[in-house]
Amino acid sequence: MFSQFLSKTNLLPRAHLVAVAACSTLVLIVALWPSQGQSVVVEVPAQIVVPEPEEVVEQAPGYSVTEEVQSGDTLSSVFERAGAGVSILYRLIANDDIKKPIEKIFPGQEFTFKFDDQDALVQVNFNATPLLSYQIDIDEDKNGQISKLEKTPEIHTKYATARIDDSLFMAGMEAGLSDNMIMQLATIFGWDIDFVLDIREGDEFSLLYEENYLDGEKLSDGPIIAARFMNRGREITAIRYTDESGRTDYFAPNGDSMRKAFLRTPMDVFRISSSFNPNRRHPVLNKIVAHKGTDYAAPVGTPIKATGDGKIIKAYYSSTYGNVVIIQHGAGIRTLYAHMSKFSKYSRVGNRIKQGQVIGYVGATGRVTGAHLHYEFQVHGVHKNPQTVDLPNAQPLATEYLGDFEQYASNVVGQLGVYDQAYAQKKLIAFE
Ligand SMILES: [Zn+2]
């Protein structure tokens with residue numbers, strides 16, 4: 001619809017770009033706005049840069065043949081089908097510089113063969129990916145010379161907003177977001193919002209995000225730049241930021257990480273078979289024994305993840321806990337994982353462990369009635385309920401980057417706000 005070259009405007013200082021976009025968009029919004037509905041996606045216009053005129057290349061007389069790689073194809077079969085023959089192929093791939101980039105081919109890739117008017121092959125173009133191709137020029141002595149051609153996608157910035165009636169997924173689809181973009185959104189806010197339990201009708205979200213375009217067609221999703229979520233009246237804002245050390249993450253406007261230092265659960269798929277309970281009647285012992293953790297039932301062999309960064313301080317077998325791992329984290333926090341069928345290679349005492357690394361597998365070792373993970377969360381030796389304990393935030397932005405971040409964040413959140421407001425006002429008019 002609008003041909004834009006935001007990648008070029010990205011070279012401008014951020015504040016300038018945001019100002020340009022924010023000032024020049026409102027007129028377009030009105031034109032693009034749907035008359036009703038509760039979701040929208042619009043393209044954020046950037047300065048329009050006139051492209052340089054394409055060079056006119058004199059075409060030598062001859063013809064070309066394009067072959068798409070089919071499943072089961074080899075280089076030989078592609079060359080044969082194009083009528084180029086295999087002897088020229090063998091001559092070309094005797095040169096390692098040519099052989100390496102073209103020896104592995106996949107269905108869907110494309111070769112274009114150019115012949116002169118004497119049927120001699122003069123050029124082969126290999127489109128490895130939409131962004132990467134190779135050109136092999138063949139001289140009169142049948143020697144090839146390869147050159148690599150890389151394209152840079154245009155980055156288009158878009159705004160979307162939606163009100164949730166049913167689920168985040170449905171609302172995201174209605175707003176025109178791809179599955180990938182909805183997953184990005186769920187991942188950013190998943191630390192704060194349980195998208196199954198916490199979502200209420202009337203919750204809203206809005207976001208600025210990037211899409212990569214090539215020759216006017218969408219190639220892939222880019223990242224979310226900034227997003228806002230209204231969940232049960234609570235507003236959460238996240239901004240993507242790369243600091244000078246190269247760390248890229250999503251941060252709250254005050255520089256706090258959107259992530260937590262701990263995963264809420266050590267497994268992705270599970271059923272809670274027994275909750276934290278100081279007065280539980282023990283199923284095996286049949287007497288009141290405090291249940292100091294949460295039991296997650298899952299099939300034997302299900303991977304168990306370390307919920308936070310730390311150091312393995314114990315990995316051993318006990319008659320009650322079975323195969324058990326204890327991790328020491330910062331701030332006096334320890335986590336314990338019991339009844340595992342086996343340890344992973346990372347579960348050696350003294351090993352440093354990262355959040356999400358697999359430390360072992362679900363089992364039924366020790367005193368149990370069935371396969372499950374018994375998980376404990378201790379703060380300075382006091383057992384807390386893993387399902388409800390307040391999880392500390394992951395490392396915030398380093399203080400030396402805070403000044404630059406805050407300036408950027410206020411610009412980008414301001415831009416998001418301009419769109420939110422325009423949408424809200426238009427919506428009011430639509431209701432009249
Ligand atoms: Zn238990």
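1. His 291 and His 374 are both buried. Buried means under 20% relative accessible area, exposed means over 50%, and partly exposed is in between (1.4 Å probe, protein chains only). Helices (H or I, at least four residues) and strands (E, at least two) are DSSP runs, numbered from the N terminus.

2. **What to keep in mind.** This is a predicted model: local features need pLDDT of at least 70, side-chain atom pairs count only at pLDDT 80 or more, and totals for chains, interfaces and linings use all residues. Residues are numbered from 1 along each chain as its sequence is written, and side-chain values use heavy atoms, with hydrogens and water left out.

3. **The zinc donors.** Which atoms hold the zinc ion as protein donors? They are His 291 (NE2), Asp 295 (OD), Asp 295 (OD) and His 374 (ND1), lying 1.9 to 2.8 Å from the ion. Donors are N, O and S atoms within 2.8 Å of the metal (3.2 Å for Na, K and Ca); water is not among the atoms, so sites may look incomplete. Along the chain the donors follow the spacing H-x3-D-x78-H.

4. **The geometry.** Why is the arrangement irregular? The four donor atoms subtend angles of 52 to 155° around the zinc ion, which makes it so. Four donors count as tetrahedral if all angles lie between 85 and 135 degrees; four count as square planar and six as octahedral if opposite donors are over 155 degrees apart and all others between 65 and 115; anything else is irregular.

5. **Asp 295.** This residue is in strand E13 (residues 294-297). Asp 295 is buried, with a relative accessible area of 7%. A polar contact of 3.1 Å joins its side chain to that of His 374. A polar contact is a pair of N or O atoms within 3.5 Å; within protein, one must be able to donate a hydrogen and the other to accept it, and residues adjacent in sequence count only if both atoms are side-chain atoms.

6. **The largest nonpolar core.** It has 26 residues, of which Leu 177, Phe 189, Phe 205, Leu 207 and Ile 224 touch the most other members. Helix H8 (179-189) is one of the elements that give two or more residues to this core. H8 gives the largest share, six residues. Apart from this core lies another, of 23 residues, among them Ile 88 and Phe 126. A nonpolar core is a set of buried Ala, Val, Leu, Ile, Met, Phe, Trp, Tyr and Cys residues joined through side-chain atoms within 4.5 Å.

7. **Two single residues.** Buried or exposed: what is Tyr 241? At 4% relative accessibility, Tyr 241 counts as buried. Tyr 241 lies in strand E10, and its side chain makes a polar contact with the side chain of Asp 404 (2.5 Å). Asp 97, in helix H6 (residues 96-102), counts as exposed at 55%.

8. **Confidence.** The mean pLDDT (the predictor's confidence in each residue, from 0 to 100) is 86 for the protein. Of its residues, 86% reach 70 or more. Over residues 1-36, pLDDT stays under 50. Where pLDDT is low, the predicted coordinates should not be read in detail.

Methods
Contact = heavy atoms within 4.5 Å.
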